[in-house]
Amino acid sequence: MERLNRVNLIFLGPPGAGKGTQAERLARRWHLKKISTGDILREAVRNNTPLGQKAREYMERGDLVPDEVMLGLIREVLRELPEGGFILDGFPRTLEQARGLDRLLQELNLQLHAVVLFEVPDEEIVRRLSARRVCPKCGATYNLITDPPKNDERCDRCGEPLVLRDDDHPDTVRHRLEVYHRQTEPLIEYYRRRDLLRTISGVGTPEEVETRLLQALQDGHSH
Ligand code: AP5
């Protein structure tokens, strides 16, 4: 992984494992493009685009958006990708998506270098996600425990009162976890067999997790 800005990665793990937080840090450090399908979909819902209209009800329930919609979306994003590497945060999430991604990467002559799995127990996830707050206006995210806003539950950037994400209510989080275990976990074996998987613990401070992530990517082993 000597040319770090040409590395192509997937971040895999349950909802709330810290994929987005770590993808943002690593993208900044290694000059990679962070591609978060959750962020793209939420923006489409906010702007009420045709994609947002298709995705809204699935997201509110905590279900996955259908594979053909996601594969169409990722095809557009990867085709317009500027030079340099990328981190896929939250995609693929089903075997069908993983197979579709393989075909697409081959077509675009791109190679996957590693798939990082962030492991966090379910109880910790429910705790983390019920403390997450988002700004309904600009999309900035906070966490009342680990990353609180400066003024009580208002956005630091635009002053808007913060809200709980629609799918972060504890019952919906439990449903998202079931969906993860049923539909996404089979990808662990899929990438392990191809010797791409690096497993790290996502428990601890974001700094501790980042240190494990860098070690796992640099020496090619799990931590
Ligand atoms: P998406 O937005 O991808 O949700 P998710 O995977 O459920 O991810 P989260 O954003 O909840 O968690 P994360 O692992 O990124 O953690 P984060 O860093 O934010 O998807 C939402 C929905 O979109 C899906 O349910 C589905 O409907 C649809 N969708 C998206 N992609 C799809 C696909 N490929 N196919 C089909 N449908 C798709 O951290 C979480 C919280 O914990 C934050 O508050 C953060 O501050 C905090 N935190 C982070 N790290 C730590 C730490 N080390 N210690 C303590 N707290 C921490």
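I started at P92, which sits in the loop between strand 3 and helix 5. For helices (H or I, at least four residues) and strands (E, at least two) I use DSSP runs, numbered from the N terminus. The peptide bond from F91 to P92 is cis, with omega near 0°.

Before going on, I note that this is a predicted model, where local features need pLDDT of at least 70 and side-chain atom pairs count only at pLDDT 80 or more, while totals for chains, interfaces and linings use all residues. Residues are numbered from 1 along each chain as its sequence is written, and side-chain values use heavy atoms, with hydrogens and water left out.

Next I looked up positive phi values. N48 has phi near 55°, a positive value in a residue other than glycine. I find N48 in the loop between helix 2 and helix 3. N48 is partly exposed, at 42% relative accessible area. My cut-offs are under 20% relative accessible area for buried, over 50% for exposed, and partly exposed in between (1.4 Å probe, protein chains only).

N109 also goes on this page, with phi near 60°, again positive in a residue other than glycine. N109 belongs to the loop between helix 5 and strand 4, and it is exposed, with a relative accessible area of 73%.

**Ligand site**

Which residues are closest to the ligand? I get T21, D63, R93, R132 and R176, out of 35 residues that surround the ligand. To be near, a residue needs one of its heavy atoms within 4 Å of the molecule. By class, I count 13 nonpolar, 13 polar and 9 charged residues in that shell. Here Ala, Val, Leu, Ile, Met, Phe, Trp, Tyr, Cys and Pro are nonpolar, Asp, Glu, Lys and Arg are charged, and the others, Gly among them, are polar.

I then checked individual atoms. A polar side-chain atom of T37 is 2.9 Å from a ligand nitrogen. N143 has a polar side-chain atom 2.8 Å from a ligand oxygen.

How much of the ligand's accessible area does the protein cover? It covers 93% of the 1000 Å² that the ligand has on its own. These areas come from the Shrake-Rupley method with a 1.4 Å probe, and for residues only the protein chains shown count as cover. Helix 1 (19-30), helix 2 (37-46), helix 6 (122-130), strand 6 (141-143) and helix 9 (206-219) are the elements that give two or more residues to the shell. Helix 2 has the largest share, 4 residues.

**Nonpolar core**

The largest nonpolar core has 33 residues, and I35, L78, L88, L101, V115 and Y191 touch the most other members. Such a core is a set of buried Ala, Val, Leu, Ile, Met, Phe, Trp, Tyr and Cys residues joined through side-chain atoms within 4.5 Å. Elements that each supply at least two residues include strand 1 (8-12), helix 3 (50-61), helix 5 (95-107) and helix 8 (186-193). Helix 4 gives the largest share of this core, 7 residues.

I stayed on helix 8 for a moment. R192 lies there, partly exposed at 45% relative accessible area. R192 and V115 are 77 residues apart in sequence but 8.8 Å apart in space, C-alpha to C-alpha. L187 is in helix 8 too, and it is buried at 0%.

**R165 and D167**

R165 lies in the loop between strand 6 and helix 7, and D167 has its place in the loop between strand 6 and helix 7 (170-184). I get 12% relative accessible area for R165, so it is buried. D167 is buried as well, at 10%. Their side chains make a polar contact of 2.8 Å. For that I need a pair of N or O atoms within 3.5 Å; within protein, one must be able to donate a hydrogen and the other to accept it, and residues adjacent in sequence count only if both atoms are side-chain atoms.

**Cysteines**

How many disulfides are there? I count 0, taking a disulfide as a pair of cysteine sulfur atoms within 2.5 Å. C138 is in no disulfide, and the nearest cysteine sulfur, in C135, is 3.8 Å away. C138 is partly exposed, at 30%. C155 is buried, at 4% relative accessibility.
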